[in-house]
Amino acid sequence: MTAESDAALLVELRDMWTTYDPPPPDLVATMIAVVAAADLDDEWEMLVLVRDSADEPAAQVRGLGTSRILYFTAAEGWSLDAELDEGQVRGQLLDFDGDLRSVEVEVETTDGQSWTTDLDEVGFFAIAAEPTGSIRFTVRYRRKAVSSRWVEL
């Protein structure tokens, strides 16, 4: 077959389908909406950075002069508070409705470094790490993983 015969065959097939089985009038709009929403659930599940102390003045409290505070929320209603300060990443998982002992928190950088830890009984974690560049947090529980966006430090 040549390119011309392929094109003629496609025209013939298109004519046949439009004549005997025309597409519904809203097919194109429906397909665009379906494709656009295909990974909406995954995107919704991603943690959303709500607050970054680098973008606004730090709260007027004692002892946080050098730390960077990040606060993320997830669609399920829980949130992750994290503080990066002098070789430590500390934080707490808040409003999590489940077994905190089954949760694992990972901090990773774009250059491939990662640190993982479990939570204590009230949801606190501490990791001896001094990540640089861009980082993100991943919270794993019940075979599920939710990652934050990358945040430039």
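Predicted model: local features only at pLDDT ≥ 70, side-chain atom pairs only at ≥ 80, totals over all residues.
Residues are numbered from 1 along each chain as its sequence is written, and side-chain values use heavy atoms, with hydrogens and water left out.

**The overall build**

Let's start with the big picture. The protein has three helices and 10 strands; helices (H or I, at least four residues) and strands (E, at least two) are DSSP runs, numbered from the N terminus. Along the sequence the pattern reads α-α-α-β-β-β-β-β-β-β-β-β-β.

The domain assignment, which is automatic or comes from a database, gives domain 1 (3–43) and domain 2 (45–152). Their C-alpha centres lie 44 Å apart. The C-alpha trace spans about 75 × 35 × 30 Å along its principal axes. For the protein, the radius of gyration is 24 Å, while a compact globule of 153 residues would have one near 15 Å. That radius is taken over C-alpha atoms, and the globule rule is 2.2 Å times the number of residues to the power 0.38.

Of the 153 residues, 29% are buried, where buried means under 20% relative accessible area, exposed over 50%, and partly exposed in between (1.4 Å probe, protein chains only).

**The nonpolar core**

A nonpolar core is a set of buried Ala, Val, Leu, Ile, Met, Phe, Trp, Tyr and Cys residues joined through side-chain atoms within 4.5 Å. The largest one here has 26 residues, and Trp78, Val89, Leu93, Phe125 and Phe137 have the most contacts inside it. Two or more residues come from each of β2, β3, β4, β5, β7 (124–128) and β8. Strand β8 gives the most, with four residues.

Leaving out residues up to four places away in sequence, phenylalanine 125 touches a list of residues including Leu80, Val89, Val105, Leu119 and Phe137; contact means heavy atoms within 4.5 Å.

**The aromatic cluster**

The structure holds four aromatic pairs. Rings of Phe, Tyr and Trp (its six-membered ring) pair if their centres lie within 6.5 Å; planes under 30 degrees apart count as stacked, over 60 as edge-to-face and the rest as tilted. Here are two of the pairs:

| Pair | Centres apart | Angle of planes | Type |
|---|---|---|---|
| Trp78 and Phe96 | 6.3 Å | 65 degrees | edge-to-face |
| Phe96 and Tyr141 | 5.0 Å | 80 degrees | edge-to-face |

Tryptophan 78 sits in the loop between β2 (68–73) and β3 (79–85), and phenylalanine 96 in the loop between β4 (88–94) and β5, so their pair ties together parts 18 residues apart in sequence. Tyrosine 141 is in strand β8 (residues 134–141), so its pair with phenylalanine 96 ties together parts 45 residues apart in sequence. Trp78, Phe96 and Tyr141 form one aromatic cluster.

Are these residues buried or exposed? Tryptophan 78 counts as buried because its relative accessibility is 3%, and phenylalanine 96 is buried at 13%. Tyrosine 141 is buried, as is phenylalanine 96.

**A buried glutamate**

Glutamate 108 belongs to strand β5 (residues 104–109). With 16% relative accessibility, glutamate 108 counts as buried. What joins its side chain to that of arginine 136? A polar contact of 2.9 Å does. Such a contact is a pair of N or O atoms within 3.5 Å; within protein, one must be able to donate a hydrogen and the other to accept it, and residues adjacent in sequence count only if both atoms are side-chain atoms. Not counting residues up to four places away in sequence, glutamate 108 touches Gln113, Ser114, Ser134, Ile135, Arg136, Thr138 and Trp150.
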